[in-house]
Amino acid sequence: MYPDARNSPSKGKAKQADAQNWNSHWWDFHPLADHIQRPVAWSNTSTIFTPHPSQPLILGRSFSSSRQFLVVSPDQILNNPAAYEPPNVITVSSNDHWLFAYFPGRDCDGVGCLWQRGYSIDKWNIRDYWACERGAGIVSAVFVGTEREWVTCPDGSTTRLAQSGPLTPVSNPTLLTVTQAHQLNVYFVRTYASGVKSLTCSLVQPCYTAENISQVTQDPPRGPKTSRLCGAASFGFIFNGEAASDGSHDLGLSLDMPPDNQLDERPPLLDWNSYEEEQMIELCEVKLRFDGSCMSILTVPLPPIYPPGPCLTNFVFVSVPGSKPDASTSPKSSPKKDRQPQRAQLEPPTAYLVASFLDFEEYASLPKSRIVAYSIVRVVPPNPKIPWAARLVGDRSLSPRVLTVAASGSLSVATRKATVVVAMTNPGGLLARGAAKPKEVPVGNLFALQLPDLSDDPDCDHPSILAPVNRTSSDCPLSIVTSPNKLLACAVSMLQTSVYTLPRARITSGSKDILHQLPLAQALTIALQSRRSTADISHILSLPSTPAAMLHDTLFGTLTSHEVSARLGTTNSFSMVDVMGAAVEIYKARARQTQNEDEKDRYLKLSRNALNVCSVSACLVAFDYCKESEGYDLEPVWQLISLSTWVVAFLEDLMKECVFLADLADPTPNTSLNSNEVMPKEEPMDDNPFLRNWLTSPFQKDTNHSPHSVSLDTPILLHLVHPLALSNLRAVVFHVSSFHQYLTSMTAKRENSQFAKDTMLDLVSSSGLDLKALEDILSTAIPEAGAIPVEEVMASFAEGHPVPAQHEQLKKTIRSLTTSSAIDRPRLFIKSSDLVDGFANLSASDRPVGDDPGMDVVTKGRLLTQNPSLLCLRCGGRSQVGGEVMIAGRSSPRWKTWERMWAARCICGGSWVSGNT
């Protein structure tokens, strides 16, 4: 039971509360009524943008790392920071290339600024900025022209929804803003121009403007609404159906604040003492069009909505995609001339407007919280006077809880089920007793409310909202935004920024046939299709409360969706290597959270091998790019040698695992061991003390190559059994072998060429591998790997190592490798450098491939300390991609083309940040 909030004392006469209880008071929620703005934006590369608490700056943080950075403000603000407030509007484009913020002025004009992102997600360059007059400051902004959203179908396939919002084929970016003066401004940059253009239209009266129409000659808005200020605004984008004649239907919404009812055509004065909030929500339809040469805006005001509550605190649009039209009533089968006249009716809802209110009454008790929902529907046949209608479809009182913030929730396309996520705080609660008091206590919950009736979603849980013990009731959230994949929420209050888990459906793992329906599997599939960050998914999977089996189930469900889409002929914008790149992040996140050292080591091995899968694929593409009809492009010869060096080192590690499995295995089965482990045979111990000490040293017992137990489930062995990994490995071995033969057959004409030739010869000859024989054995194993059932193949990819169904084929491949001339064991295990320092430094203890901090994760070359580097947020690798490759004054276009592939993303799919951050 909660304490009785009705007897809460007034602010000036608050009594000392019981030390074991906490209680909320009405003044704790008054910032919501004052519309104090603390905006927050979460980009698709998982960067959270928030305003500085007191300065006109924007803070950026890469989730879920601890890396933070500042977005540089315009010189006009930096030269006089005391004249500007922290930004009250922050928005980022869906492609993560553009960022906009508005800085209100203190007794001066405000400034709106547009940034463009560089290759790394922490580098933002100012593209343009402009002043906004007093009384015409920006209250809301959004980028349009987004790509069609991907969704999953019940069978596991993926499809795209209809276009949401207007199409902008010749402008990038296109920014919509709503100002205090009830005007819509459109800022855009033509793809063939450099300057920012703008269009302005009124939202309180019908208005039309276009690029080829001079806006100076337009008559200013007239009427009583010109003396009012818009206090807040929201944008709603309607999904365009297949039968839509035009491609842009947007709804703009504003909250008015009038000083009086008299007519005043002058600009509003900023004397806030004469203003009071008007209880009216105005709707306006906005059509942004492009006729092939010019952009135009058409605004049509709609009948206003009169809310039932006295103090509006939140309002948000939730769009719902329309159902596919019936073929029997489509225009193709029913021509216009044959249609029968229809009476006016309403289509199914295409959007909902959800608004919340607080009623403070006499300011003597907690405010009463209420939430309502309006359906926004189109009138058919179209009515030129009232094209849209708003109907009250949901009304719910939440007392004694208090709703603080709301955001659009998840959407089920199959059932057209839409939700809105709300944060509700409790009127009071108990504090933990005893000496060990927690630092944070639950003060509320996040709920998913179903539309249109606003009832609790019975399938979802209710994550807790935590607050510090000393601020249990005095720091309510002022704004909230969901993560790119709608799994997490970032809430901003006056004093802190917090990240919470959004309500999720209570679905547990089941049979393999339905794993693609798991919420996390669907989220990962859509994230890979949309090229969005998967950091929020990895965060959920890394939590101790998430079962370890959920990692496999999520990856398996994503692979199932990929296979279903490929079988149906649907285009996949991601590959299986991209899935393995996401696995790198998932395994590393899990390793950071686990406290068990054995589990941590296992996840790090899985992450390392998943990155090796990505590296083999990237090396293969590089060799393909540099392949010529009679050989290879030798302009980037040293870059190709760096790739070859990494490939050979990786092959050495793989072959060492095979040798330990085949040569030390006891042919007599031992029932005391697991089915996937083998025990070494007892061999006579050499009298050499160096060898005896090496084999029995504690260090060797802890290494991956310990001769006491070798597992068939070692992650690196996945390259010998999975068809894709095996095919890529065979292809890259072919390229390294061919590149070696090509250099050997050439006559070195210069000193540099001779050095390159000798380096490649030494690399292959000292490796202990016959690349041609190795390629032949791998080629033979590919058909056998492809004969394994698809489900078992996907299971091995999801597990990150071979599964029991692949063990027999793995043993056969290992036997072929170890009994052939492909491996020279003395050269494989003993290098000339090892003999210098003795047996204690044999190559079996070398650093695992890919763990060298001085190696470029992309080019596999050495990092130059004098050049700036990039850091991958997913795998932690560093790179210096993008530099010029010059050989004798010429550049290598093939190599530059390959490097540009990784300019925006790492080979694992992770985003770049500056290495010196």
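How many Å should the 18 residues of helix α6 span at 1.5 Å a residue, and how far apart are its end C-alpha atoms? I started my notebook with that one. Helix α6 (residues 576–593) should span 26 Å, and its end C-alpha atoms are 26 Å apart, which agrees. A reminder to myself before going on: this is a predicted model.

α6 is mostly covered, with 14 of its 18 residues buried.

**Entry: α3 against α5**

Next I looked up a helix pair. Two packed helices are described by the angle between their axes and the distance between the axes, and I wrote down both. For α3 and helix α5 (residues 549–568), the angle is about 50 degrees and the axes are 8 Å apart. The two helices are therefore oblique to each other. I noted the handedness too: α3 passes α5 in a right-handed crossing.

Which residues make the contact? From α3 I listed Leu-520, Ala-521, Leu-524, Thr-525 and Leu-528. From α5 I listed Met-550, Thr-554, Leu-555, Gly-557, Thr-558 and Ser-561. Sorted by class, the contact of α3 with α5 has 6 nonpolar residues, 5 polar ones and no charged ones.

Thr-525 lies in helix α3 (residues 519–530). Is it buried or exposed? Thr-525 has a relative accessible area of 1%, and the cut-off for buried is under 20%, so I put Thr-525 down as buried. Leaving out residues up to four places away in sequence, I found Thr-525 touching Thr-152, Thr-158, Thr-558, Ser-561 and Phe-574. Thr-558 and Ser-561 are already on my page as α5 residues in the contact with α3.

I then checked Arg-531, found in the loop between α3 and α4 (535–542). Phi of Arg-531 is near 60 degrees, a positive value in a residue other than glycine. With 44% relative accessibility, Arg-531 counts as partly exposed.

**Entry: another positive phi**

His-182 turned up in my search as well. What is its phi? Phi of His-182 is near 60 degrees, which is positive although the residue is not glycine. I located His-182 in the loop between β13 (171–179) and β14 (183–190). With a relative accessible area of 2%, His-182 is buried.

**Entry: cis peptide bonds**

Which residue pairs did I write down here? I noted Ser-399 to Pro-400, where the peptide bond is cis and omega is near 10 degrees. Pro-400 sits in the loop between β25 (388–397) and β26 (402–412). I also noted a cis peptide bond joining Leu-451 and Pro-452, with omega at about 15 degrees. I placed Pro-452 in the loop between β29 (440–450) and β30 (464–468).

**Entry: α7 against α11**

Back to helix pairs. The axes of helix α7 (residues 597–626) and helix α11 (residues 723–745) come within 9 Å and cross at roughly 45 degrees. α7 and α11 are therefore oblique to each other. In my notes, α7 passes α11 in a left-handed crossing.

Which residues meet? On the α7 side I found Val-616, Ser-617, Cys-619, Leu-620, Phe-623 and Asp-624. They meet Asn-728, Leu-729, Ala-731, Val-732, His-735, Val-736 and Phe-739 in α11. I counted classes here too: the contact of α7 with α11 has 9 nonpolar, 3 polar and 1 charged residues.

**Entry: α13 against α15**

My last pair was helix α13 (residues 771–786) and helix α15 (residues 807–818), whose axes come within 10 Å and cross at roughly 165 degrees. That makes α13 roughly antiparallel to α15, the cut-off being over 145 degrees. The crossing of α13 and α15 is right-handed.

For the contact, I wrote down Leu-774, Ile-777, Ala-781, Glu-784 and Ala-785 of α13. Their partners in α15 are Gln-809, Lys-812, Thr-813, Ser-816 and Leu-817. The residues of this contact divide into 5 nonpolar, 3 polar and 2 charged.

**Entry: α13 by itself**

How far does α13 reach from its first C-alpha to its last? The 16 residues of α13 reach 23 Å, close to the 22 Å expected at 1.5 Å a residue. Then I listed its buried residues: Leu-771, Ala-773, Leu-774, Glu-775, Ile-777, Leu-778, Ala-781 and Ala-785. Leu-774, Ile-777, Ala-781 and Ala-785 of α13 are also among the residues that make the contact with α15.

Technical notes. Residues numbered from 1 in each chain as written. Predicted model: local features only at pLDDT ≥ 70, side-chain atom pairs only at ≥ 80, totals over all residues. Heavy atoms only, no water. Axes fitted to C-alpha atoms, helices over the stretch in contact; angles between N-to-C directions. Helix = DSSP H or I, 4+ residues; strand = E, 2+ residues; numbered from the N terminus. Parallel < 35°, antiparallel > 145°, perpendicular 65-115°, else oblique. Left-handed = near helix turned anticlockwise from the far one by under 90°. Contact = heavy atoms within 4.5 Å. Nonpolar A, V, L, I, M, F, W, Y, C, P; charged D, E, K, R; others polar. Expected span 1.5 Å × (residues − 1). Buried < 20%, exposed > 50% of the residue type's maximum accessible area, 1.4 Å probe, protein only.
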